[in-house]
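User: I'd like to learn how to read pockets, cavities and salt bridges in a protein model. Could you take me through them one at a time?

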Amino acid sequence: MLGVQPTTIRTWEERYALIVPERSPGGQRLFSRQQVEHLRFVKDRLDAGMQPADAHRLLADMMEGAPPSASGSGRPQLLILLAERDPYAAELEEYFLQTEGYSVELTFDAAETLSRAEGLSPGVVIVDLLISGGEGMELCRSIKRRTDAPLLAVSAVEARDEAMAAGAEAFLQKPLDPLQLISTVRDLLGSSAFLRTPAVDTT
């Protein structure tokens, strides 16, 4: 299934107990469509270099803590404006953020990013400092002058001090760790993805 050996899937089932299929009368494993997507998610993370335990931990976080989608909950999704120079990196980051329940607006140009930051009022802006040939620092300064959105700066090179001086509230060095990315975004939003939505009584 999905290029994963059945013995590996059984090991994951026994060790992590996250993807546990139903059994047919004959004892065959019957995976739901959602479970297949969960297996695909784990395999994609392994292909990207993540360890099985970390991939399942990320899956568990998403299964237990992801905000409901806007269509099912009646709540607006928080918008993340993602300004990237690398389409491949943008695709991965967008995937992780959307899996957490955020709405993501992608841009690949500094000027367009500034325009959207002013017009969309995003919850967080993520800026690759090398966007548009290295205009990320000035982009951060411009965003901070014109909006109150928290800024997360990312870069393949260490530039924490410069990013903070340019107005960023946080800095992460690439390649990004998915758990760290999500944790940082949540911190910038105020520790919870529900910060700007009504509280839910679960009692």
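Analyst: Here we go through pockets, then a cavity, then charged side chains. This is a predicted model, in which local features need pLDDT of at least 70 and side-chain atom pairs count only at pLDDT 80 or more, while totals for chains, interfaces and linings use all residues. Residues are numbered from 1 along each chain as its sequence is written, and side-chain values use heavy atoms, with hydrogens and water left out.

User: How is a pocket found, and what volume does the largest pocket have?

Analyst: Rolling a probe the size of a water molecule over the atoms shows where empty space is left. On a 1 Å grid over the protein atoms alone, a pocket is an open set of points with protein on both sides within 12 Å along at least five of seven lines, whereas a cavity is a set where a 1.4 Å probe fits but cannot get out; lining residues have an atom within 4 Å of a point. Grid points are joined across faces, edges and corners, and the volume is the space filled by probe spheres set on the points. Here, the largest pocket has a volume of about 480 Å³.

User: Which residues lie nearest the centre of the largest pocket?

Analyst: They are Leu92, Pro175, Leu176, Asp177 and Pro178, out of 20 lining residues. Helices (H or I, at least four residues) and strands (E, at least two) are DSSP runs, numbered from the N terminus. Helix 5 (87-99) and helix 10 (178-189) each supply at least two residues of this lining, and the largest share, five residues, comes from helix 5. For classes, Ala, Val, Leu, Ile, Met, Phe, Trp, Tyr, Cys and Pro count as nonpolar, Asp, Glu, Lys and Arg as charged, and the others, Gly among them, as polar. By that scheme the lining of the largest pocket has twelve nonpolar, one polar and seven charged residues.

User: What does the second largest pocket look like in the same terms?

Analyst: The second largest pocket has a volume of about 220 Å³. Twelve residues line this pocket, and Glu37, His38, Phe41, Tyr95 and Thr99 are the closest to its centre. Helix 2 (33-47), helix 3 (52-65) and helix 5 each supply at least two lining residues, with the largest share, six residues, coming from helix 2. The classes are six nonpolar, three polar and three charged.

User: And how many cavities of 30 Å³ or more does the structure hold?

Analyst: There are two of them. The second largest cavity contains about 40 Å³ of space, and its lining is made by Ile9, Trp12, Glu13, Leu18, Ile19, Leu39 and His56. Helix 1 (residues 6-16) gives the most to that lining, with three residues. Five of the lining residues are nonpolar, one is polar and one is charged.

User: Now the charges: how many salt bridges does a search of the whole structure find?

Analyst: Side chains of opposite charge can pair when their charged atoms come close. A salt bridge is a side-chain nitrogen of Lys or Arg within 4 Å of a carboxyl oxygen of Asp or Glu, and the search finds 14. One of them joins Arg40 and Glu37 at 2.5 Å, N to O; both residues lie in helix 2, three residues apart, about one turn of the helix.

User: Which partners does Arg116 have?

Analyst: Arg116 meets Glu105 in a salt bridge at 2.5 Å, N to O. This pair links distant parts of the chain, with Glu105 in strand 4 (residues 103-107) and Arg116 in helix 6 (residues 110-120), eleven residues apart. Arg116 also meets Glu112 at 2.3 Å, N to O, and these two both lie in helix 6, four residues apart. Elsewhere, salt bridges that share partners join Glu84, Arg85, Asp128 and Lys174 into one network.

User: Is Arg45 buried or exposed?

Analyst: Buried means under 20% relative accessible area, exposed over 50%, and partly exposed in between (1.4 Å probe, protein chains only). Arg45, found in helix 2, is buried yet has no salt bridge. Lys and Arg count as positive and Asp and Glu as negative, with His and the chain ends not counted; the nearest side chain of opposite charge to Arg45 is Asp44, 4.8 Å away. With contact meaning heavy atoms within 4.5 Å, Arg45 touches Met50, Ala55, Leu58, Leu92, Tyr95 and Phe96, not counting residues up to four places away in sequence.
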